[in-house]
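Subject: Structure for your review

Dear colleague,

Please find below the structure that I am handing over to you.

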Amino acid sequence: MPIWGEIQNEINALAKSDPNAFDKVRRKYLFALNERRGRAIILYATRFTQGFRPGIQPDMTSITDEDLQGLMTVMHGLQEPALDLIIHSPGGSLEAAEGLVKYLRSKFHDDICVIVPQLALSAATMIACSANSIMMGKHSFLGPVDPQFILQSEQGPRQVTAQNVEDQFKQAQKDCANPAKMGAWLPMLKGYGPDLLQKCRHASKLSESLVREWLERYMFKNQPDRKKKAKRIAHWLASHKAFGTHGRHLGREDLR
């Protein structure tokens with residue numbers, strides 16, 4: 001398999017005579033993988049590593065419920081019993097990720113391999129944990145699965161981590177016992193809304209429980225200690241305090 005620079009040169013050379021060069025080269029390598037592996041292949045990717053562009057909201061590169069329609073379209077007519085799912089995603093809605101996993105497993109009951117060419121973070125890591133196996137290179141990374149939310153602020157939409165919100169509320173409760181400190185907290189807490197704390201708690205619990213359930217049911221299904229192993233790994237992946245940042249990159253040695 002060529003490196004990315006060589007693939008880019010191949011696309012550029014073909015583009016001189018073919019406006020569909022990118023799609024043709026992409027299909028060429030997907031077909032090559034299919035011939036080598038003998039499995040159905042779905043490519044699920046966004047261009048999130050290029051950063052947010054003017055007019056493009058964060059949810060446009062995130063996993064959302066709309067993606068289920070695209071998944072239904074590409075799965076229509078597939079006959080192979082096993083699937084290679086190539087993921088390049090920053091994550092997104094954990095509810096949408098759960099829906100995608102349920103739909104994938106309704107078709108491919110026994111064997112799904114997730115291939116991570118670069119990054120599958122957050123909810124995309126959750127999807128990877130629903131596979132029977134994960135294929136990664138030295139340059140590939142998963143990430144923590146503690147959930148995030150997109151909140152509207154005076155500066156525009158921003159992503160916040162559920163466990164950070166919980167920690168901030170705890171700190172606010174402690175500080176606001178002193179009336180002199182309350183004034184500093186009121187502007188920050190006013191933007192959170194009345195139900196955000198409970199929403200964060202429930203989302204954190206759901207994220208960890210889904211990863212635990214999927215690991216136990218699929219990846220570790222034939223291992224005698226599957227319950228204990230799945231619980232330990234799910235708790236580790238869901239712990240914001242273990243990593244310090246939601247965007248932490250976890251390589252294959254960390255994951256082993």
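Helices, of at least four residues, and strands, of at least two, are taken here as DSSP runs and numbered from the N terminus. On that basis, the protein holds 11 helices and eight strands. Please note that this is a predicted model.

As to the protein overall, 40% of its 256 residues count as buried. Among contacts between residues at least 6 apart in sequence, 65% link residues at least 24 apart.

Helix H3 (residues 67-75) packs with helix H4 (residues 94-107) at an angle of about 15°, and their axes lie 10 Å apart. Angles under 35 degrees count as roughly parallel, and H3 and H4 are therefore roughly parallel to each other. The crossing of H3 past H4 is right-handed. On the H3 side, the residues in contact are Asp67, Leu68, Leu71, Met72 and Met75, which meet Gly99, Leu100, Tyr103, Leu104 and Lys107 of H4. Sorted by class, this contact comprises seven nonpolar, one polar and two charged residues.

Leaving aside residues up to four places away in sequence, Leu104 touches Ile42, Leu71, Met75, Leu83, Leu85 and Ile112. Of these, Leu71 and Met75 belong to the H3 side of the helix contact described above.

With kind regards

Technical notes
Residues are numbered from 1 along each chain as its sequence is written. This is a predicted model: local features need pLDDT of at least 70, side-chain atom pairs count only at pLDDT 80 or more; totals for chains, interfaces and linings use all residues. Side-chain values use heavy atoms; hydrogens and water are left out. Axes are lines fitted to C-alpha atoms, for helices over the stretch in contact, and angles run from 0 to 180 degrees between N-to-C directions. Angles under 35 degrees count as roughly parallel, over 145 as roughly antiparallel, 65 to 115 as roughly perpendicular and the rest as oblique. A crossing is left-handed if the near helix is turned anticlockwise from the far one by less than a right angle, and right-handed if clockwise. Contact means heavy atoms within 4.5 Å. Ala, Val, Leu, Ile, Met, Phe, Trp, Tyr, Cys and Pro count as nonpolar, Asp, Glu, Lys and Arg as charged, and the others, Gly among them, as polar. Buried means under 20% relative accessible area, exposed over 50%, partly exposed in between (1.4 Å probe, protein chains only).
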